[in-house]
Amino acid sequence: MDLDVLDGLTFIQYPLDEASLRKVVEEWPVSIEFTKLVEWLTKELQYFCNLEEHVNAISISEDASSFLLELSSFLKELGCSYKTLTEGNVGDRLKTSNDRYLLLEFLISEVLAARITSAKKPSGNNIELTLNESDNAASMRKMLMALNFPKPPTNITAQMLFTKVQNKVKELSDKCINDPLFSGLLSPKQWTILSQLQDDLKAEYRIRRQMLLKRLDVTIQSFQWSDRMKGKENEIAKLYLDKRKALVDEPSVALSDLLSARAHLAVLEKTSNANVRKNTQSSLNKVIIGRVPDRGGRPQDQQPPPPEMPSWAPRANQPQGGFGGDGGRGGGRGGGRVQGGWNSSGDGYSGSRGHQDNFQGRGRGYQDNYQGGGGNYYQGGGGNRGRGGRGRDRDRY
């Protein structure tokens with residue numbers, strides 16, 4: 001029996017020669033080296049048979065009783081059929097060398113059987129599968145999975161497979177894809193113009209994106225000025241930069257997008273449409289803003305400003321007698337006061353009893369430019385010259 005055990009240990013590659021084996025087995029109570037051998041065999045069984053426990057080796061001979069208890073429990077879990085190893089007083093078990101050889105033979109045979117079983121029926125935990133497929137094969141597999149195709153049989157040809165794929169794609173496109181938005185033909189010159197227009201629009205929207213991103217950066221920076229955010233700059237920067245990296249200023253629209261555009265893009269739906277609102281509504285829409293002060297801004301409520309110049313109207317007729325009057329004896333009462341001199345009464349160019357004009361008067365005497373009716377040069381009534389004779393006053397000129 002010892003030779004069978006030695007051959008089994010050699011087969012499972014446990015380093016132990018014949019002399020050492022006999023010394024380990026024949027020593028009683030069980031030696032430390034014997035418990036180490038049993039521990040190694042039970043660990044192998046635990047690994048291949050998915051057992052919960054194994055038998056631990058001892059460090060001193062006084063722990064032999066605890067070793068025997070653990071071994072008895074392990075053999076029952078393993079289903080050992082040798083009654084001498086599982087029945088009777090625990091202290092009397094393994095008392096003979098034949099029982100110890102029997103134990104080693106049983107454990108070695110179980111280890112060999114477990115290794116053979118594991119090699120023929122590998123479990124998912126002990127093997128790793130690596131699929132080396134080409135890029136074309138990977139793309140084909142993803143396409144078939146997207147179209148909900150079952151796994152193709154091994155005898156199917158490439159022509160048959162692509163025919164089925166083409167029919168499936170055409171069936172789906174007829175259901176969910178509209179007519180193309182542009183279906184005309186362009187000359188080489190028109191293609192050049194269209195390409196230049198696309199470049200101009202791309203540059204324009206690049207500038208717009210840069211402006212919006214700069215405004216976003218400045219807004220986030222302004223939030224850090226608050227006293228509540230003191231000491232949280234690094235936390236804010238980390239949260240913001242993770243999302244900011246995904247925002248680029250380079251537009252991703254190309255001419256291919258124009259050619260692949262469909263007719264439904266020409267149908268513009270209002271932002272209040274139910275189909276649009278189901279994708280744009282949020283909890284902010286339920287916030288009701290209270291009454292706020294009137295800020296004005298309604299041009300129709302403002303009064304128009306007054307005109308800068310009055311409206312044009314024809315000049316009214318001037319009153320008659322502005323330059324003359326009805327005055328006997330030196331002017332009388334008929335003179336008007338339009339441009340009549342400096343004073344309305346007293347001395348000056350006009351008198352109180354009769355207003356004189358600049359050039360002529362009516363009376364008993366002819367008055368000159370500076371004299372009223374019958375007086376001195378500056379008085380309107382009575383003076384040194386008398387009442388103004390007809391001839392003498394006329395001869396003044």
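Helices (H or I, at least four residues) and strands (E, at least two) are taken here as DSSP runs, numbered from the N terminus. The structure is a predicted model, in which local features need pLDDT of at least 70 and side-chain atom pairs count only at pLDDT 80 or more, while totals for chains, interfaces and linings use all residues. Residues are numbered from 1 along each chain as its sequence is written, and side-chain values use heavy atoms, with hydrogens and water left out.

The chain contains 13 helices and zero strands, and reading along the sequence gives the pattern α-α-α-α-α-α-α-α-α-α-α-α-α. Of its 397 residues, 21% count as buried, where buried means under 20% relative accessible area, exposed means over 50%, and partly exposed lies in between (1.4 Å probe, protein chains only). Among contacts (heavy atoms within 4.5 Å) between residues at least 6 apart in sequence, 48% join residues at least 24 apart.

Leaving aside residues up to four places away in sequence, Glu-44 touches Val-111 and Arg-115.

Aromatic residues come next. A pair of aromatic rings is described by the distance of the centres and the angle of the planes. Rings of Phe, Tyr and Trp (its six-membered ring) pair if their centres lie within 6.5 Å; planes under 30 degrees apart count as stacked, over 60 as edge-to-face and the rest as tilted. A search of the whole structure finds two aromatic pairs. In one of them, the ring centres of Tyr-14 and Trp-40 are 5.1 Å apart and the planes meet at 55°, so this pair is tilted. It links distant parts of the chain, since Tyr-14 sits in the loop between helix H1 (2-11) and helix H2 (18-26), whereas Trp-40 belongs to helix H3 (residues 32-49), 26 residues apart. Tyr-14 is buried, with a relative accessible area of 16%, and Trp-40 is partly exposed at 26%. The rings of Tyr-47 and Phe-48 have centres 5.0 Å apart and planes at 80°, so they form an edge-to-face pair. Here Tyr-47 is exposed, at 53%, while Phe-48 is partly exposed, at 27%.

Two asparagines deserve a glance at the backbone. Asn-50 has a positive phi of about 55° although it is not a glycine; it lies in the loop between H3 and helix H4 (64-78) and is exposed, with a relative accessible area of 68%. For Asn-148, phi is also positive, near 60°. Asn-148 is placed in the loop between helix H7 (135-146) and H8, and counts as exposed at 69% relative accessibility.

Finally, the surface carries a nonpolar patch formed by Leu-181, Phe-182, Trp-191, Leu-258, Leu-259 and Leu-265, with about 520 Å² of accessible area together. Patches are made of residues with over 30% relative accessible area and no salt bridge, joining like charges within 9 Å and nonpolar side chains (Val, Leu, Ile, Met, Phe, Trp, Tyr) within 5 Å. A salt bridge is a side-chain nitrogen of Lys or Arg within 4 Å of a carboxyl oxygen of Asp or Glu.

How values were computed. Accessible areas come from the Shrake-Rupley method with a 1.4 Å probe; for residues, only the protein chains shown count as cover.
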